[in-house]
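User: Could you walk me through this model? I have a few quick questions.
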Amino acid sequence: MNIGTYLNAMRDAAGLPSPAFVFDFFLVLTFALHILLVNLMLGSALLILYGRFSANEHAKRLSQSLSRLLVNSISWAIVLGVAPLLFVQVIYDPFWYTANTLSAWWALGFLGFIILGFVLAYVFYLNGGYEGKGSPLWVLLSLAFLILAGVIMHSLAVTQLYPEKWPSFAVIKGVYQSSGSSLHGFELFRFLHFIVPSLAVVGVWLMFYGNYFKGTGKYSEEYLSYVAKLGAKLALYASLGQAVVGFIWLLTLPTEFSFFTNPFFILAFLSALVLLGVLFKAQGNPSGFAKICAFLLGLTVLLMGAAREALRTNYFTKAGYRLADYPVNPSYGSLILFLATFVIGLIVLLYTALVAYRSGQGIKEVGYEGLGRLSVILLWGWILVMVFIGVIISLKNGTLF
Amino acid sequence: MYPIWEVPYLSSALVIGLIASFHVLPSHLAVGALWVTVFIEKLGVERNRPEYLAFVKRFTLLLLIFSFIFGSLSGIGIWYSATVSSPRGISALIHNYVWGWATEWVFFLIEIATIYAYYYTLGKVDPKTHIRLGYIYAIAAWISMIIITGILAFMLTPGKWLESGNFFDGFFNPTYFPQLFTRTFLMFGIAGIYGLLIAATLKHEAKYEITKIISRFAFGGMILGLIFGYWYYHKLPKSALELINGLPYLQILSKIALLAWGILTLYFFLTAFIFPQLNHFILSFLLILLTFLGILSAEGIREGVRRPYIIFDFMYSHQAIARDLPAKKIKAEVETIQREGLLVRLGYLPEDLRKITPENRLEVGRIIALHNCANCHSFTPKGVRPLPVLVKKLAPQSPEDIDAFLSALGSFPYMPPFIGNDEERKAVAEYLFKLIQ
């Protein structure tokens, strides 16, 4: 049995409940959101440290706001990570499960390190981080654990790219390694490609920050202008750094992929070029460019995600695994359930975001009554529909009583 | 088959069990918490009692830390531990319920958004909007329970799904509604004991008023939870009931769970109606530990009665498929593996270990033993259902005695049949015989 036969044999016997491209689409989309938040989390931790060790008063003041952003963004990074984690297991199950079981303790340790990183960020926040107090050591440790978690996830992803090496990981000198205590891969420039954008993402966030609080009277104009300019500078230099890292990574890829001709790569590259151009222009008046930079950054991250997915397809095809061949046993009902819920979710999230947005600007009577009422009605409606379906099916199957 | 993970002393299934039992605390707290808290906030606004709002603030912070750090990550922890312990099991669940989980994820997003908004905007937005945020959180959190219960109950009673393979047939299975209602009401007890812990730290006069409100909710929840729990018990499959009544350790777990329920309910009754001053930080903290013990026992029973399956009647604990499911073109695997062998399916091994030779015989025996046993048995002499001790108890005189035992494994009600062909079984028998020497 060659490794390709094994991979195809290990696909789940139930097949996919929807065509593979549907999962692939949501995988790329949700991963882009996840990695944006991961970058925001790492970037805010770095800037807190910078602020606490800097002599600049504005930088110090900024670290206070960022202490709250840090805990919030860790929460969001985790919850946004759930979706890609789910979808990757659906379409790439043979790769995902093998890599994880081979490094089982590390897979569990990944979560342990996130818990540590999260708790330490909270320790900083609750010990007065928001008031400019608290030891920055907590942030440093938090950052270290979060990066360690990133190293593990990266290693598990790299292990998946080389299935032909699995037997040599599983058995050493004729003895099967059942302990799951080793990691099996690390590629520096691939890893950096996920980490370097952190300062770019937090930079664009700061450009927004400058814009958001303008005119609210909460902060001085001078401070807001400092923050926005710092943001624009960080975004520009980190994006340039990312371009260099990406270029070196491209050089290390197997030549047979000719990856520089891949359409997703070209699109991502072009989008990054436009972003860099706009960031150059934004240096003079960062607040005014916040929205366009955020849009371009989001687009670039999404396209980079799509390009990395295309790269993964190259590796997997080489190993003899073709996603399009995954058998499908369609479950339309459950797909409709998800899509309908997704739309409802967006409405409820919009309402929550609008309330939070206005409240953050010091507005007490936030309004949006109609949208608020609609959100509650939609949630109850969801429950009623599910109970209705549940009762009908249970009666039909004779399982209710 | 995927590579198999061996956990000394514990067994890999117990790693899932421990994480899953822990998860029940913060997750049920997350679901139950704001129903009571929003009610208290409403009263605080109506009665113009700012100290009620101080309780709300403190309680929500606890919720943020406990449920949204430890709760969310232990939830993912169940998934990860299942990934490394029973990859084919979690894969089977995910390939059937991916859109169910994705739906639940949408509600996770709403939960996170609203709980942060609720915490940060207290006193900063008009009360009506603030209460609505809490209310949206409470409904969204409950919906996440409505969804995950379908998948949990499916594992024990897949019902009509075993014929149709249909998402909703498996989701709304025979124990779905009883389990949903049991969890829904008992969550008020879990949220209640946390609420009492926070209330005990309050310094002002509202302390006992809040204690009474929380305890009344919790007491009602515990009583209704027991009633629906009784319904749930009667909906369990016959084989599960036989296991509960037949295995001593499951009976002990039942008694612990009932005792924890009784003590907690009594505490709520006393603090709700007779003596709210009884609510003390240390006492409430000890009762949280008792709650954990009760949950550990109850979840232990739920997992225990599913033996020897991961998904009842469909997939065995050693991850081989137990039956045909023509609707999804799935074929039973046990007999095929007994005929063709397990080694040919272990493509993660190097070629030279996929054929039995005199040199690798013991190592291959160990690998196949791990695939058959490591999910539930530790391979160390001390630990959970330790294989060396259990095999020793059979007092085998030769590997052939063990081989005969392995051949008959499937006839024990809580053991899956051996997977592997005759030669592989013999290699396992030799390995086990060596293990006890």
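User: Is S220(A) buried or exposed?
Analyst: S220(A) counts as exposed, because it has 12 C-beta neighbours inside 10 Å; a residue is called buried if 20 or more other C-beta atoms lie within 10 Å of its own, exposed if 12 or fewer, and partly exposed in between, with C-beta atoms placed from the backbone. This is a predicted model, in which local features need pLDDT of at least 70 and side-chain atom pairs count only at pLDDT 80 or more, while totals for chains, interfaces and linings use all residues. Residues are numbered from 1 along each chain as its sequence is written, and chains are lettered from A and ligands numbered from 1 in the order in which they are written.
User: Where does S220(A) lie?
Analyst: S220(A) lies in the loop between α9 (197-212) and α10 (221-252) of chain A, where helices (H or I, at least four residues) and strands (E, at least two) are DSSP runs numbered from the N terminus.
User: OK, and what share of chain A is buried?
Analyst: Buried residues make up 49% of the 401 residues in chain A, and the C-alpha trace of that chain spans about 70 × 60 × 40 Å along its principal axes.
User: Switching topic, how many residues of chain B are in contact with chain A?
Analyst: There are 77 residues of chain B in contact with 81 residues of chain A, a contact being two residues whose C-beta atoms, placed from the backbone, lie within 7 Å.
User: Which element gives the most on the chain B side?
Analyst: That is α3(B), which gives 22 residues to the side of chain B that touches chain A.
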